Amino acid sequence: AVEPGSAVRVQASGVAPDGVPLWADFTAFGSQRIYRKGAYEKGESRYSLFTSVVQEGERLRVTVSFGREFRPHLTGSIDLLPGHTGVVTLPTGQDIVVTATVRPETPDEIEVGRQRMAYRNTLQRLRSGFPERIERPEQG
């Protein structure tokens, strides 16, 4: 979770257990938790590099995993200060280099977050039996 008004970018790179280089570069936003912006590369690997971040004041708890399930035997974490780089050694023995930076969210990012949260809330209400019109947020 990222604090309201903040955007945290996490860049991570390393080599998968099968020897293929991997990287991920995602930004999480404080205005909402369901949307992150970025990209990753896994090449021919059966693994993908995934990250998550929890912001608590100046401290950033960055978690890195080989796979979106964040299984304990493929996952590790590190505490970083904004703008710093560190190395997470995963239980598999691979070192993953991570950098985390913090900046203010832009007004556009806050609006996209508001739209996505409204859309999500509408879907939840529909699943609960309260039909209403759904307006899909703009893709951006």
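Two strands count as paired if DSSP finds at least two bridges between them. Strands here are DSSP runs of E, at least two residues long, numbered from the N terminus.

**Ground rules.** I'm looking at a predicted model, so I noted that local features need pLDDT of at least 70, side-chain atom pairs count only at pLDDT 80 or more, and totals for chains, interfaces and linings use all residues. Residues are numbered from 1 along each chain as its sequence is written, and side-chain values use heavy atoms, with hydrogens and water left out.

I looked up the strand order: 5 strands make an open sheet, 3-2-1-8-7, with antiparallel pairing. At the edges I found strand 3 (36–41) and strand 7 (84–89), each pairing on one side only. Within it, S13 has W23 of strand 2 as its bridge partner.

**Q94.** Next I went to the loop between strand 7 and strand 8 (95–104), where Q94 sits. Is Q94 buried or exposed? I put Q94 down as buried because its relative accessible area is 18%; buried means under 20%, exposed over 50%, partly exposed in between (1.4 Å probe, protein chains only). Leaving aside neighbours within four places in sequence, Q94 is in contact with residues including V15, F66 and V88, where contact means heavy atoms within 4.5 Å.

Definitions and conventions
Helices (H or I, at least four residues) and strands (E, at least two) are DSSP runs, numbered from the N terminus.
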